[in-house]
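Please walk me through this model, from the overall fold down to single residues.

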Amino acid sequence: MALAAKKNIKKVVLAYSGGLDTSAIIPWLKENYDGCEVIAFCADVGQGDEELEGIKEKAIASGASECHVVDLKEEYVKDYIYPIIKTGAVYEGQYLLGTSMARPVIAKAHIEVALKVGADAVCHGCTGKGNDQVRFESCFAALAPQLTVIAPWREWDMVSREDLLDYLAERNIPCSASLTKIYSRDANAWHISHEGGELEDPWCEPSKEVWTMTVDPQDAPDEAGKVMLSFEQGELVAVDGKPMSAYQALMLLNEKAAAHGVGRIDIVENRLVGMKSRGCYETPGGTVLMAAYKGLESLILDKESLKYREAVGHEFSHVIYDGRWFTPLAKAQLAAAASFAEQVTGDVVVKLFKGMAQVTQRRSPNSLYSEEFATFGADDVYDQKHAEGFIRLFSLSSRITALKQADSVISNDK
């Protein structure tokens, strides 16, 4: 950024986590942006009290003038996770989008704080190699394009944890981080991700130290657990018959599923910026919730509707992964999924056992399933002779093609 532009930045709101990177960013901003005021912003998306403990004090000690901690837990689950579940989005067939889906609600709150305090700029600690820089900055562009975006990892010359620790030590700024940290983790109410360490080698099996949220499936109970989820118009409203808020329901599912080792995946994914990365994810409650939703949906949506909803889910997985939440395309896809979800009402039982979440029971007042039609026993509602005419019409194009080919062979023989 040009020197003149830097001098115009008087107040910056930084997305602050309390970790090493953002602790270093606060003094760096003040030194490199002509003594600007730095205000810390922290989003509580369910990452846990341990990460949030003392975070305001840490921010002030690092040089921030104030720190805003915004509780986004219920909003995150109800207004972002639930709509995404309705789309059925799963990135590259495995990833339940736990990091991606939290970014829009964080970015929105970040901008709201910035506008509230009259900031000139917003700042994030994302690296130039990752997806998050694109996600956050795309949201900023859609919500407040007039604000300058500062990304220190694309400006400073520090390249390692050692550099950051030395930088803070030189300025006598306290930081609890150390060189012993092995993994890079990101947690919220939906999941926790793990990268780095031995995971950088895709041939290396994850050690037990990688996993922090779920029981090892090998050590899970030998007796299966069961949980019933109740939905109304595509939204979870009760667990085991007990009504609860969106966030409370997810927390309960996390607890139940984690105890049975449910929700672990180890994947190599295609990042938006062009490289592949290997990560391990734990999404216990989300795995159960997604399985239950799709299990109930299978009762209710007809073949063509389900086919279209699956197409929406596939496309939306890329939309949310790429950070395009605040776009007309995302709005249209979410509206399509919400339309299908209007009929997704009913109960689903999911069995939890040794890392698996299996739908075993489902019922809905909107079910299209008919035992009278589907039975292998005697029935009075389905005339099997009618199938002959259907098959002849269904296969008509194949029949015509074969006849044409046969005529062509006969003509050539002559």
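Buried residues make up 47% of the 414 residues in the chain. Buried means under 20% relative accessible area, exposed means over 50%, and partly exposed lies in between, with a 1.4 Å probe and protein chains only. The model is predicted: local features need pLDDT of at least 70, side-chain atom pairs count only at pLDDT 80 or more, and totals for chains, interfaces and linings use all residues. Residues are numbered from 1 along each chain as its sequence is written, and side-chain values use heavy atoms, with hydrogens and water left out.

The chain holds 15 helices and 14 strands. These are DSSP runs numbered from the N terminus: helices are H or I with at least four residues, strands are E with at least two. Along the principal axes, the C-alpha atoms fill a box of roughly 85 × 60 × 45 Å. Of the contacts between residues at least 6 apart in sequence, 74% join residues at least 24 apart. Contact here means heavy atoms within 4.5 Å.

Start with the sheet. Strands of a sheet pair through backbone hydrogen bonds, either parallel or antiparallel. Here an open sheet of five strands runs in the order 3-2-1-4-5, with parallel pairing. Strand 3 (66-71) and strand 5 (148-150) stand at the edges with a single partner strand each, so one side of each has no neighbour in the sheet. On average, neighbouring strands of this sheet are turned by 25° against each other, direction ignored. Two strands count as paired if DSSP finds at least two bridges between them.

How is strand 1 placed, enclosed or open? Four of the five residues of strand 1 (residues 11-15) are buried, so the rest of the structure largely encloses it. Strand 1 pairs with strand 2 (residues 37-44) in the parallel sense, over five bridges. Lys11 stands opposite Glu37 in strand 2. Ala15 stands opposite Phe41 in strand 2.

Helix 6 (residues 98-117) lies across strand 1, strand 2, strand 3 and strand 4, at about 160° to strand 1. Axes are lines fitted to C-alpha atoms, for helices over the stretch in contact, and angles run from 0 to 180 degrees between N-to-C directions.

Next comes helix 8 (residues 161-170). Its residues Leu164, Leu165, Tyr167 and Leu168 are buried. Seen down the axis of helix 8, the buried residues fall within an arc of 160°, so they line one face of the helix. The arc is that of the directions from the helix axis to the C-beta atoms.

Just after helix 8, Asn172 takes a positive phi of about 55°. Pro174 sits in the loop between helix 8 and strand 6 (183-187). Pro174 is exposed, with a relative accessible area of 55%. The C-alpha atoms of Pro174 and Ile60 are separated by 11 Å, though the two residues are 114 apart along the chain.

Now the helix packing. Two packed helices are described by the angle between their axes and the distance between the axes. Helix 5 (residues 73-87) and helix 9 (residues 246-258) have axes that come within 7 Å and cross at roughly 85°. That makes helix 5 roughly perpendicular to helix 9; the term covers 65 to 115 degrees, with angles under 35 roughly parallel, over 145 roughly antiparallel and the rest oblique. Helix 5 contributes Lys73, Glu74, Val77, Lys78, Ile81 and Tyr82, and helix 9 contributes Ala246, Tyr247, Gln248, Ala249 and Leu250. By class, this contact of helix 5 with helix 9 has seven nonpolar, one polar and three charged residues. Ala, Val, Leu, Ile, Met, Phe, Trp, Tyr, Cys and Pro count as nonpolar, Asp, Glu, Lys and Arg as charged, and the others, Gly among them, as polar.

Helix 5 also packs with helix 12 (residues 328-341), at about 75° and with the axes 8 Å apart. Helix 5 and helix 12 are therefore roughly perpendicular to each other. Pro83, Lys86 and Thr87 of helix 5 meet Leu334, Ala337, Ala338 and Ala341 of helix 12.
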